[in-house]
Structure formats: C-alpha cells, structure tokens
Amino acid sequence: NAGVMQNPRHLVRRRGQEARLRCSPMKGHSHVYWYRQLPEEGLKFMVYLQKENIIDESGMPKERFSAEFPKEGPSILRIQQVVRGDSAAYFCASSPGQGAPNSPLHFGNGTRLTVT
Amino acid sequence: GQQVMQIPQYQHVQEGEDFTTYCNSSTTLSNIQWYKQRPGGHPVFLIQLVKSGEVKKQKRLTFQFGEAKKNSSLHITATQTTDVGTYFCAGPQGAQKLVFGQGTRLTINP
C-alpha cells in the first residue's frame with residue numbers, strides 16, 4: 001500500500017545545471033500537485049496535473065520550470081539552469097476522486113534541492 | 001486571489017499547556033483542511049471541515065469552522081512533545097487547487 005513516492009530525497013546541483021524531480025502518485029490517484037517550500041516558510045502551490053494534461057500552472061515561474069505527467073510513468077518537475085534561489089523542498093501530493101480542493105492531499109517525502 | 005492567513009507564526013509552550021492556531025480567509029470557503037508537518041517531514045492530512053459552525057475532535061485536538069466559513073481554529077489541550085511541528089490550514093482557491101496558510105510552528109519545552 002505504497003504512498004506517494006518521490007525521488008530523489010536529496011539533490012545537489014551546481015548553478016546552471018538541470019534538476020529533475022520525480023513523483024509517483026498513490027495507486028488509484030489521478031491528480032498530482034507540486035508545492036515548493038522554502039526553509040521556515042509555508043507551502044506554495046506550483047502546478048496541478050492529471051494524466052497527460054496540465055490543469056493549472058499558475059504557480060510556476062514563467063521561465064526554467066516545467067512539469068509533466070505522462071500517460072506512463074511518474075510526474076516530472078524539471079528545473080533548467082538552476083540558481084541558488086531554487087534551493088527548497090519540493091513536495092508532490094496526490095488526491096483521489098475529484099481531486100483538491102474537496103479531497104485531502106497525500107504528500108510524498110519531498111525532494112530537498114540544494115543549489116551550490 | 002483568495003488568501004488564507006494563519007496566526008501566530010510561532011508558538012512556544014510548556015508541555016501540558018494548551019495551544020491554539022487561527023486561520024482566516026478573505027473569502028467564504030467551501031471547506032477547510034488542516035495538516036501537520038513534523039520537523040524534517042512532510043505534511044500529513046489531519047482533518048477536513050465542511051459545515052458552517054462545525055466542530056470536530058481528535059483526542060486532544062479540537063477543530064472548529066466558523067459560522068461564516070471564513071475562519072477556523074485548531075486547539076490542542078495539554079500539549080505533549082509529540083505535538084511538536086508546524087500546523088497548516090488550507091482552503092480552496094477556485095475549483096482546482098488548495099492554498100496553504102503560512103503555518104504555525106509549535107515548539108514545546110518538556
């Protein structure tokens with residue numbers, strides 16, 4: 001009965017490199033959300049996806065960030081040409097049924113990205 | 001857009017004291033959810049409130065949803081060290097997503 005699986009748990013990148021964060025939702029969940037959490041801060045919505053569709057990307061920075069949830073395989077959050085300000089914890093969450101905001105979110109353990 | 005404000009940002013208590021965190025929205029909410037995040041951990045769903053004036057209890061935790069469905073509170077009676085963490089409220093924004101308050105970070109002196 002696996003929960004939301006995120007990998008890697010920790011990721012270190014140098015400035016200018018690319019970061020790829022992966023998320024497999026809970027079995028039976030078709031709604032995937034990505035949130036970013038800066039140290040000592042709250043959770044900021046980034047993007048909401050269903051299979052092969054981006055539903056709401058209003059929280060994504062306009063440049064360098066992209067997300068996908070292909071028909072097969074995990075959801076990917078991709079950050080190109082990382083900068084120090086991208087250092088944060090990135091949480092993926094999934095939900096059943098009709099999705100948020102009417103269903104609870106199940107969060108993964110997060111990926112802690114450090115940009116050096 | 002709709003915002004969810006949470007106070008206080010930090011709260012430090014002696015073990016055994018009570019703790020309350022408050023959540024306020026600029027607009028009426030269809031529901032409100034509460035999550036707990038332990039230090040170094042990930043948010044974990046606690047409860048969802050839907051009805052105006054609703055009160056729900058989970059052991060020492062009491063959750064309330066205001067009559068106008070614009071505010072909510074979480075009260076912990078007789079805190080224990082296992083209660084340490086950050087408590088977030090979250091409310092809908094539009095039909096698609098959940099927005100989180102800034103969280104209240106609870107620390108406890110044993």
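This note covers aromatic pairs and one loop glycine in a predicted model.

1. Ground rules. The model is predicted, so local features need pLDDT of at least 70 and side-chain atom pairs pLDDT 80 or more, while totals for chains, interfaces and linings use all residues. Residues are numbered from 1 along each chain as written, chains are lettered from A and ligands numbered from 1 in the order written, and side-chain values use heavy atoms, without hydrogens and water.

2. Aromatic pairs. A pair needs ring centres of Phe, Tyr or Trp (its six-membered ring) within 6.5 Å; planes under 30 degrees apart are stacked, over 60 edge-to-face, the rest tilted.

3. A stacked pair. Tyr33(A) and Tyr48(A) stack at 4.5 Å centre to centre, with 5 degrees between the planes. Tyr33(A) sits in strand β4 (residues 31–37) and Tyr48(A) in strand β5 (residues 43–50) of chain A, so the pair ties together parts 15 residues apart in sequence. Strands are DSSP runs (E, at least two residues), numbered from the N terminus. Both tyrosines are buried (under 20% relative accessible area, 1.4 Å probe, protein chains only).

4. A pair between chains. Tyr35(A) is buried at 0% relative accessible area. Phe100(B) is buried at 9%.

5. The ring cluster. Ring pairs link Tyr35(A) and Phe100(B) into a cluster whose members include Phe45(A), Phe91(A) and Phe88(B).

6. Gly85(A). This residue lies in the loop between β8 (75–79) and β9 (88–95) of chain A. Gly85(A) touches Arg36(A) and Leu38(A), leaving aside residues up to four places away in sequence (contact: heavy atoms within 4.5 Å).

Definitions and conventions: Helix = DSSP H or I, 4+ residues; strand = E, 2+ residues; numbered from the N terminus. Buried < 20%, exposed > 50% of the residue type's maximum accessible area, 1.4 Å probe, protein only.
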